Amino acid sequence: MYIGLDCLLNRTNFIRCIALILFLFFTAMLPANAEIQTITASGEYTMAEGETMPVAKERALAEAIKSAAEQAGIYIESYGRTSNVVLSEDEVNILSRGIVEVLNKQYDEPRYFGNTCYLRVTITAMVNTDNIEALRQRFQSGALAIDLKRMQAVYEDCQQDIKKLKAQLAQASGNKKKDIVQRIAENERRYRIAGLIEQGYNSAVQENYEASVQAFTQAIDLDQNYAFAYFSRGNAYYELQQLDAALADHNKAIALDPAYDYAYYSRGVVYDNLNRCDLALADYDQAIAINPNNVYARNNRGIIYARDGRYDMALADYNKAIALDPTITNVYDNRGNAYFALGQYQQALADYEQSIRLNPSCQEAYQSRGQAKSILEQYEPAIADFNQAILLGLNTTHVYRNRGMAHHQLARYQEAITDYDKAIQLDPSDAINYFYRGVSKYGLKQFEAAIADCDKAIELNPGKLSDTYFYKGLSLVYLQRAQEAIDALRLYIRYGNEADRIEFAKSIIIQLEGMLQAGYK
């Protein structure tokens with residue numbers, strides 16, 4: 001969870017903020033064979049009385065970056081067409097800044113006209129188009145895009161305000177002029193705060209959350225009533241898993257701004273991680289009460305409902321979230337999971353497919369779709385989905401176990417065993433992996449090895465995986481170890497819950513007991 005960027009100061013700095021944040025994220029993942037273009041752009045700014053040169057230069061630079069990003073937009077639009085991905089205007093604007101990095105900048109000599117100063121800067125920028133998809137997913141993964149839009153609106157308001165101040169300054173004199181100059185100075189103080197917030201988010205994009213905390217703390221030192229700085233630092237603490245500190249900051253943000261719905265949302269996430277689901281649910285409720293269009297709070301509330309088995313309520317939240325914003329992939333994943341839990345596998349499959357259409361790089365969506373296909377006995381397509389999830393980097397015990405189960409259903413027992421081996425390597429304490437591997441070994445008539453796996457599963461989880469006793473019993477039958485087979489099958493009858501299989505086990509026991517009575521050993 002990392003959502004953020006709010007009340008900084010003007011639209012020019014907004015552009016600079018987003019651009020630099022995206023630059024740092026993108027260049028950190030720059031591959032050696034990236035497709036690179038070079039462009040040139042310029043920016044201008046007129047500094048008024050009361051402003052300082054360093055800040056004015058930053059504003060001119062922001063205009064140059066904006067111009068470069070506009071030129072880079074053509075590459076984003078081309079990516080959308082060739083990748084069959086629908087991009088909103090906001091996404092095009094943000095991504096175009098993310099593929100641009102300033103290589104060098106050159107300021108012209110300042111030109112003075114009375115009490116104003118004209119500044120111009122020319123930049124050379126690198127445009128890298130290689131990782132647009134990864135960048136797009138980074139900004140779809142949470143509520144960050146919402147905060148960027150919110151910040152843009154704030155900047156637009158502030159930009160209008162500074163324009164008014166400059167216009168008023170040109171006509172003012174005496175004490176009124178001094179007052180306006182002081183207001184411009186205050187604007188620059190807030191601008192410094194904005195720079196620290198930007199620095200914090202730059203560090204967060206690089207996953208350097210300790211540096212984020214430091215920058216946000218400096219912003220708080222300059223304005224201890226700045227709710228958004230506490231909110232941002234709380235998110236950084238969350239990423240560091242310093243949950244008590246995160247909770248304290250979100251509490252402070254809410255105290256300063258009780259109508260800040262995303263502060264409740266973020267505090268709810270912290271409570272959820274502290275296993276205080278009741279408090280998390282209350283915070284999501286409050287976030288939605290303040291802003292019924294908060295799709296992230298609705299999504300997270302749906303997750304809690306689903307976890308509690310309240311699937312109808314979960315589906316209602318997911319449906320509303322999708323109606324509000326049909327482009328957020330993980331809401332489809334979560335709704336698909338709810339349908340899956342309800343046994344509505346076709347509906348689940350449809351949601352997983354929509355998630356993949358929106359985000360072809362989503363590992364979990366392929367795994368989930370593979371599970372739904374397995375349930376629907378579409379084993380070959382399921383294996384293809386598990387393969388794709390692994391190819392995209394998913395390396396969990398679940399994906400290998402699921403692929404192994406699909407291989408088993410196709411009687412590819414050795415392929416199944418290979419997958420279970422990997423699952424066990426990733427999590428040696430999960431009893432079910434040993435059980436499934438034992439069943440596949442049983443399929444290959446490797447009865448001793450099957451028994452060893454069943455015994456390991458029983459050791460890790462005695463009395464829980466009832467079918468383990470069943471397959472152990474059958475393996476012992478094939479090995480002609482009658483009394484041991486009877487003992488195992490009796491344990492299956494005690495713990496099992498499948499009536500037909502229990503009757504089958506009873507019939508085998510009767511035959512084995514008859515053989516023992518007849519003197520067979």
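Predicted model: local features only at pLDDT ≥ 70, side-chain atom pairs only at ≥ 80, totals over all residues.
The UniProt record, an unreviewed entry, carries the annotation "repeat: TPR". That annotation covers residues 227-260, 261-294, 295-328, 329-362, 397-430 and 431-464. Residues 329-362 are 79% helix and 0% strand. The end C-alpha atoms of that span lie 9 Å apart. Residues 397-430 are likewise 79% helix and 0% strand. Here, too, the end C-alpha atoms are 9 Å apart.

Helix packing was examined for one pair. Two packed helices are described by the angle between their axes and the distance between the axes. Helix 11 spans residues 277-290, and helix 12 spans residues 295-307. They pack at an angle of about 145°. Their axes are 9 Å apart. The crossing of helix 11 and helix 12 is left-handed. On the helix 11 side, the contacts are made by Cys277, Ala280, Leu281, Tyr284, Asp285, Ala287 and Ile288. These residues meet Ala297, Arg298, Asn300, Arg301, Ile304, Tyr305 and Arg307 in helix 12. An α-helix has 3.6 residues a turn, so residues three or four places apart point the same way.

Helix 2 covers residues 53-82, a run of 30 residues. At 1.5 Å a residue, helix 2 should span 44 Å. Ala69 has 2% relative accessibility. This residue therefore counts as buried, because the value is under the 20% cut-off. Ala69 and Glu101 are 32 residues apart in sequence. In space, their C-alpha atoms are 9.5 Å apart.

Ala411 is found in the loop between helix 18 (397-409) and helix 19 (413-426). Its relative accessibility is 46%, so Ala411 counts as partly exposed. Lys445 lies in the loop between helix 20 (431-443) and helix 21 (447-460). Its relative accessible area is 64%. Lys445 is therefore exposed, because that value is over 50%.

Note on methods
Residues numbered from 1 in each chain as written. Heavy atoms only, no water. Helix = DSSP H or I, 4+ residues; strand = E, 2+ residues; numbered from the N terminus. Buried < 20%, exposed > 50% of the residue type's maximum accessible area, 1.4 Å probe, protein only. UniProt positions renumbered as here; feature names shortened; annotations may be inferred. Expected span 1.5 Å × (residues − 1). Axes fitted to C-alpha atoms, helices over the stretch in contact; angles between N-to-C directions. Left-handed = near helix turned anticlockwise from the far one by under 90°. Contact = heavy atoms within 4.5 Å.
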